[in-house]
Amino acid sequence: MRRRRVIIGALGVAAATTAGCTTAEKKEASAWVEPVTEAAQVTVPVKLSVTPAPNATGWSPVKPIVVAAESGTLQTVTVTNGATKIAGEMQPDGTWRSTADLDYNKKYQVSVTAVDSSGAAATKTSSFTTLKPGTTAKVAFQANGLASLKAGKTYGAGQPVIVAFSRAVDKAAAEKAIEITTLPKVQGKFYWKDDRTVHWRPAKYWAAGTSIKVSVNVFGVKLGKNVYGSKNASTNFEIGRQLIAIADNRTHMTKVYINGKLVRTMKSSLGKGGGTTTPSGEYINYWTAGGPHIVLEKKRKHTMSSASYGISDPNDPNHYVTENVEYCTRISYSGEFLHAAPWNPALGRQNRSHGCINLSTADAEWVYENFILGDVVDVVNSPRKLPIWNGLGDWTVPFDKYGRD
């Protein structure tokens, strides 16, 4: 019995060992796994692009050249035409862009180098040709038809902006290329004298001290049928004191106002009226034309003759030659001047001239010394009107009827 108990006890221990709860974990053999490594980096080739495309023709010289490197970084960009190198700059987006205008009808070479992410270099070369105009139009600035406008100089309150092209142009295209900035700011309008010459004026005479800047950006701009602007041009000028002279055909007096204040009153003799017909059939009117005139030029001495308008026969009662007339200030293309007329005894009393404004020598000298190009001489109470084309007749036309916006 004792032996049996022992056996039973041993079996009980074995049963407890296999059937009871336990915290021990059964370990299993692990499978072999390769070590994790960083994926191999794939290098993408650089893709270079150049605008304009290779072998392009007719490229506008004002359009920029743009170079880009896709999946890479630009290192150098060179654009040349022979020995001429075109300037350019890298942009924030990584592209390169030219910063200088090109020339008409030129071939340009583009050389580019770039690197990819691994540092490997890539290169590209190409070429293109700019457009070839049929012809080009140059730009000049005029004070009037007799004098150019001088940059930085001072002019009178009636001086319009005048832009002259060397050949006929499309008016709308030309106007878009003209930028006029004034201080103080004023609105103005264009008037085309012909298909080459355009004027611009504000609604009223310029205020004293006004500054005017003019930019004509025509390079690369089509101004007509295969006509392009030759190059850009700019100028600037100032308005001095506002001088306005009023010459009265009825009272035979000319009064001068500076900045609104009367500074001089001068006895005058204007056009005698009537007229004559030249041998060619042209009628010549001897009234001084009415309306605002603009000072065009000044001559210390000038010979005046009826031959200037076609009367050259000495036997014609309207023929005359007066040499070395002193202190001449021109106000129209047809020959109207303020000038000394010591031979005329009717100053301040009667009109006896052939259309000029006769003054005493002292008054004519004062005018000659004090008037500048662009000053206003407004003739009032005359039965004849100054045409817009005769000198600078811009101010004879009401602003609402002047040119176009």
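Which strands are included in what covers the buried residues of α3? The legends below take this up.

**Figure 1. The whole predicted model.** This is a predicted model: local features need pLDDT of at least 70, side-chain atom pairs count only at pLDDT 80 or more, and totals for chains, interfaces and linings use all residues. Residues are numbered from 1 along each chain as its sequence is written, and side-chain values use heavy atoms, without hydrogens and water. The protein has 3 helices and 32 strands (DSSP runs numbered from the N terminus: helices are H or I, at least four residues; strands are E, at least two). Of its 405 residues, 42% are buried (under 20% relative accessible area, 1.4 Å probe, protein chains only).

**Figure 2. Helix α3 and its cover.** Helix α3 spans residues 361-370. Its buried residues are D363, A364, W366, V367 and Y368. Their cover includes β23, β24, β28, β29, β30 and β31.

**Figure 3. The largest nonpolar core.** This core has 29 residues (a nonpolar core is a set of buried Ala, Val, Leu, Ile, Met, Phe, Trp, Tyr and Cys residues joined through side-chain atoms within 4.5 Å). V139, F141, V163, F165, V214, V216 and L223 have the most contacts inside it. Elements giving two or more residues include β11, β14 and α2.

**Figure 4. A289 in its loop.** A289 lies in the loop between β26 and β27. A289 counts as buried because its relative accessibility is 0%. Leaving aside neighbours within four places in sequence, A289 is in contact with E336, V379, S382, R384, K385 and L386 (contact means heavy atoms within 4.5 Å).

Technical notes
Buried < 20%, exposed > 50% of the residue type's maximum accessible area, 1.4 Å probe, protein only.
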